[in-house]
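Open your viewer and get ready to select residues one by one. We will hop from stop to stop.

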Number of protein chains: 2
Amino acid sequence: MATYTLIAEPLTRDGFAPFGDVIEAAGARHFSINAGAMERFHDLARVDVSGAEGRAAISIARCTEPTVPPVRVSLIERHPLGSQAFMPLSDAPFLIVVAPPGEAIAPSELKAFVSNGAQGINYHRGVWHVPLMAMQTGQEFIVVDRTGPDANCDERELGATDQILVKLCKGPDLN
Amino acid sequence: MATYTLIAEPLTRDGFAPFGDVIEAAGARHFSINAGAMERFHDLARVDVSGAEGRAAISIARCTEPTVPPVRVSLIERHPLGSQAFMPLSDAPFLIVVAPPGEAIAPSELKAFVSNGAQGINYHRGVWHVPLMAMQTGQEFIVVDRTGPDANCDERELGATDQILVKLCKGPDLN
């Protein structure tokens with residue numbers, strides 16, 4: 001069994017571009033609205049829904065079992081019919097692990113990121129991702145994704161032949 | 001000129017139901033996801049987009065000129081092609097003024113609400129609303145609304161013959 005260790009890198013628009021959008025005001029196109037009362041940082045994420053009777057919905061996700069890195073990940077999922085956005089409501093970092101769309105998932109293609117707690121993300125349709133890893137109980141996120149009658153989640157086991165570890169910085173491996 | 005004074009009432013799902021959705025975990029349907037790691041408060045707001053080439057987008061709005069109540073409102077708008085959601089990222093209250101869909105806007109039909117700072121709102125398509133009134137500079141909101149080539153904002157002047165005042169509680173009128 002081979003071990004792959006991913007060091008979570010700070011989330012940036014450029015680094016995350018192959019997988020989706022980073023939702024943050026910094027560095028975004030903006031303009032004045034409401035007669036000058038508000039500044040709008042516009043279209044930071046494209047909400048993408050397809051399939052019969054699919055529509056976008058807004059939900060809240062709250063962490064009940066926090067992830068403490070270093071962590072071993074063993075499951076990855078994708079949503080073939082739509083994008084999925086998570087925007088933190090709590091100012092606390094969270095971990096992201098992604099792989100490009102496609103049928104085969106090579107451990108060498110996995111990438112890990114850490115949000116600074118003000119940054120949200122929007123997975124593009126079909127991008128593989130490990131279920132969101134919040135690091136504090138009660139941490140909340142706004143979720144914008146597709147709801148509808150069609151099946152919209154494919155899951156794959158990782159780690160049958162390989163062990164995938166995610167760490168926040170270089171250091172001793174998980175025991 | 002008649003004066004109408006609106007007292008902003010605390011935002012509740014029932015009170016706001018004729019105008020849209022309240023986005024908050026409290027009192028919402030929820031279930032466990034991510035193998036028990038997260039609780040999902042599901043489908044708190046329906047994102048509604050129509051018109052050729054329309055799609056939902058996620059943006060951020062930041063307050064640059066705060067509203068200090070009591071405030072006189074003179075403009076109201078509606079989006080005929082889609083819903084519009086605002087979710088506070090800053091834990092600070094904000095003011096909401098709405099009127100039911102329709103061509104005529106009677107001052108007596110206007111209603112004012114105040115969010116507790118954890119509650120977001122989603123205006124349903126065609127609901128008249130005064131542009132969002134944040135009360136602190138730098139206050140931020142996630143916006144989920146429609147983007148596309150078609151015109152999607154109707155504006156009406158209020159107060160040509162009437163004066164509309166919004167207050168947080170009963171007390172002396174605006175001078």
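This tour of a predicted model visits some charged pairs and ends at a leucine.

**Stop 1: within chain A.** The structure holds 18 salt bridges over all chains. Select Glu9(A) and Lys111(A): their side chains form one of them, at 3.3 Å from N to O. The two residues lie 102 apart, with Glu9(A) in strand 2 and Lys111(A) in strand 11 of chain A. Glu9(A) is partly exposed at 28% relative accessible area. Lys111(A) is also partly exposed, at 29%.

**Stop 2: across the chains.** Now select Asp145(B) and Arg40(A). Their side chains meet in a salt bridge of 2.8 Å, N to O. This pair crosses between chains, from strand 15 of chain B to strand 5 of chain A. Are these residues buried or exposed? Asp145(B) has a relative accessibility of 7%, so it counts as buried. Arg40(A) is buried too, at 9%.

**Stop 3: a loop and a strand.** Go to Glu103(B) and Arg156(B). Their closest N and O atoms are 3.1 Å apart, in a salt bridge. Glu103(B) sits in the loop between strand 10 and strand 11 of chain B, while Arg156(B) is in strand 16, 53 residues away. Glu103(B) is exposed at 53%, and Arg156(B) is partly exposed at 29%.

**Stop 4: a network.** In chain A, select Arg78(A), Glu103(A), Asp154(A) and Arg156(A). Salt bridges with shared partners join these four into one network.

**Stop 5: a buried leucine.** Finish at Leu165(B), in strand 17 of chain B. Leu165(B) is buried, with 1% relative accessible area. Its C-alpha atom is 10.0 Å from that of Ala112(B), 53 residues away along the chain.

Terms used
Residues are numbered from 1 along each chain as its sequence is written. Chains are lettered from A and ligands numbered from 1 in the order in which they are written. This is a predicted model: local features need pLDDT of at least 70, side-chain atom pairs count only at pLDDT 80 or more; totals for chains, interfaces and linings use all residues. Side-chain values use heavy atoms; hydrogens and water are left out. Helices (H or I, at least four residues) and strands (E, at least two) are DSSP runs, numbered from the N terminus. Buried means under 20% relative accessible area, exposed over 50%, partly exposed in between (1.4 Å probe, protein chains only).
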